Amino acid sequence: MVTMEKIISLAKRRGFIFPSSDIYGGFAAIYDYGPYGVELENNIKKFWWKNLVRQRQDIVGLDSAIFMHPKIWEASGHVAGFSDPLIECKNCHTRSRVDHLLEGIGIETDEKMSEKEINEIFSKNKDKLKCPNCGEKDFTDARKFNLLVKSNLGNFTDNWDKEPVYLRGETCQGIYVNYKNVLDSTRVKIPFGIAQIGKAFRNEITARQFLFRTREFEQMEMQYFVHPDKEMEEYEKLRKDRWQYYLDLGLRKENLKWNKHKNLVFYAKAAYDIDYNFPFGFDELEGVHARGNYDLSQHTKFSGKDLSYLDPKTNKKYIPHIIESSVGVGRTVFAVLTEAYTEEKIDKEMRIVMKFPKKLAPVQVAVFPLLRNKPELVKKTKEVYKQLKSEFVCEFDDNGNIGKRYRRQDEIGTLMCLTVDFESLKGDDLTVRDRDTMKQERVKINKLTDYLKEKINV
Ligand code: ATP
């Protein structure tokens with residue numbers, strides 16, 4: 001069975017994900033992507049970009065900066081309202097989100113509730129709640145903490161704490177404030193979307209779930225601008241597309257489910273999450289929301305710029321409504337690692353293999369000499385590696401013995417392992433082993449590139 005411990009341990013052991021600042025004892029809720037992790041995340045981002053930008057005429061890309069005018073975060077409501085209610089266990093001092101604990105006993109709260117309102121609900125239900133760490137029931141009152149991360153960028157006075165610039169808390173604000181630039185500089189007409197992948201930062205209070213909740217993370221967001229009358233029709237289309245996207249990404253249907261929000265923020269028309277079955281249970285992977293015209297109205301109000309759209313057919317002006325798809329790269333990497341993790345009993349031994357879909361595998365081909373101390377085998381293997389490296393993500397591996405190399409490559413999820421042996425020197429062929437079936441085939445080296453292209457086919 002796949003557990004958090006198994007995924008975290010494999011991810012570190014095999015160079016996918018390292019805790020940040022590891023040699024300094026780590027840095028809470030921040031992670032680094034190692035050599036295989038960065039290949040995997042790049043493949044995920046490429047797949048998302050292809051699905052939403054390359055394959056659609058009505059969606060264009062954007063890469064807006066992390067730093068933005070501080071007023072944007074006032075307009076978006078993040079300065080006043082982007083906060084989580086937190087309680088601390090008086091016994092072990094673990095901090096927990098009280099909205100999450102209340103949700104666990106079936107009580108929904110609303111992110112717009114004040115500290116006072118949250119505390120009223122909290123105190124009524126106190127005796128039903130336990131500290132998730134030590135099990136005690138003795139808590140402080142709830143306090144709301146703002147999640148925006150402050151910076152002193154460009155502020156050369158001692159006043160920076162009072163007039164902060166923020167690291168962006170979400171990437172979509174960069175899309176809203178560029179909507180008019182995109183409209184004026186490209187051929188798009190409503191309905192159209194703007195997609196962006198980029199870093200976001202949040203002072204998350206409880207960050208104990210590996211890549212699921214980190215303080216620095218990447219989001220892949222697509223905001224789609226529509227006529228008000230078409231909002232719900234387009235929303236249903238987007239929901240369908242996003243569900244299909246996850247199936248195409250390689251997540252199993254039984255590990256996905258829709259979660260309809262019961263408490264909508266006042267401007268939202270509808271909100272669903274796509275939840276994934278992480279090792280700790282089902283939780284939000286992506287949000288698909290119908291946001292009304294709140295975002296562009298707020299930015300019109302705060303910037304003083306007219307962000308309405310002039311319909312070229314009717315000659316009428318309106319403020320577009322927005323539907324959005326928003327997902328974290330890290331949460332997707334975590335879901336893909338969970339989905340791929342497989343333990344198989346082969347004879348009496350346990351094999352751990354990461355069964356990534358072909359398009360996501362961080363390494364496609366590994367090439368080994370059967371024996372590392374035979375120069376003629378090593379020479380031939382290097383020739384094969386040279387032939388393949390410009391076509392495939394390819395690795396030369398002569399560490400340990402062949403059994404160890406298979407074990408390592410299986411845990412990386414390498415699709416094909418190629419072994420050059422003494423026969424190869426005479427017959428100009430080698431053995432190809434398939435990751436999933438473990439079947440081996442002899443293939444002529446001059447046919448190898450075509451053979452692998454056909455097999456890998458991404
Ligand atoms: P949650 O309720 O889990 O805090 P959220 O509803 O605040 O998430 P959004 O603001 O809607 O999340 O962000 C959209 C997406 O960005 C989420 O679905 C998730 O995939 C990702 N995301 C948000 N916060 C984090 C985080 N701290 N670490 C990793 N990914 C995140």
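Two strands are taken to pair if DSSP finds at least two bridges between them. Helices (H or I, at least four residues) and strands (E, at least two) are DSSP runs, numbered from the N terminus. The model is predicted: local features need pLDDT of at least 70, side-chain atom pairs count only at pLDDT 80 or more, and totals for chains, interfaces and linings use all residues. Residues are numbered from 1 along each chain as its sequence is written, and side-chain values use heavy atoms, with hydrogens and water left out.

Strand 19 has two parallel partners among the pairings examined here. With strand 20 (residues 394-396), strand 19 pairs in the parallel sense over three bridges. In this pairing Val365 stands opposite Cys394 of strand 20. With strand 21 (residues 416-420), strand 19 forms five bridges, again in the parallel sense. Here Ala366 faces Cys417 of strand 21. Strand 19, helix 11 (residues 375-388) and strand 20 together make a β-α-β unit, and this unit is right-handed. A crossover has that hand if, with the strands pointing away from the viewer, the path from the first strand over the helix to the second runs clockwise.

Burial was assigned from relative accessible area (buried under 20%, exposed over 50%, partly exposed in between; 1.4 Å probe, protein chains only). Strand 19 (residues 365-369) is largely enclosed by the rest of the structure, because five of its five residues are buried. Val365, Val367 and Pro369 point one way from the strand. Ala366 and Phe368 point the other way.

An open sheet of three strands has the order 5-4-6 and antiparallel pairing. Strand 5 (95-97) and strand 6 (143-146) are its edge strands, each pairing on one side only. Neighbouring strands of this sheet are turned by 45 degrees against each other on average, direction ignored. Axes are lines fitted to C-alpha atoms, for helices over the stretch in contact, and angles run from 0 to 180 degrees between N-to-C directions. Strand 4 (residues 83-88) and strand 6 are joined by four bridges in the antiparallel sense. Asp84 stands opposite Phe145 in strand 6.

Aromatic contacts were then counted. Rings of Phe, Tyr and Trp (its six-membered ring) pair if their centres lie within 6.5 Å; planes under 30 degrees apart count as stacked, over 60 as edge-to-face and the rest as tilted. The count comes to 25 aromatic pairs. The Phe210–Phe334 pair is edge-to-face, because the ring centres are 5.3 Å apart and the planes stand at 90 degrees. This pair links distant parts of the chain, 124 residues apart. Phe210 lies in the loop between strand 9 (192-201) and strand 10 (216-226), and Phe334 in helix 10 (residues 329-340). Phe210 counts as buried at 3% relative accessibility. Phe334 is also buried, at 0%.

A charge sits over a ring if NZ of Lys or CZ of Arg is within 6 Å of the ring centre and within 35 degrees of the ring normal. Arg239 lies over the face of Trp258, at 4.5 Å from the ring centre. Lys257 lies over the face of Phe282, at 4.1 Å from the ring centre.

The structure holds zero disulfides (pairs of cysteine sulfur atoms within 2.5 Å). For the sulfur of Cys134, the closest cysteine sulfur is in Cys89, 3.7 Å away and too far for a bond. Cys134 is partly exposed, at 32% relative accessibility. Cys131 is buried, with a relative accessible area of 4%.
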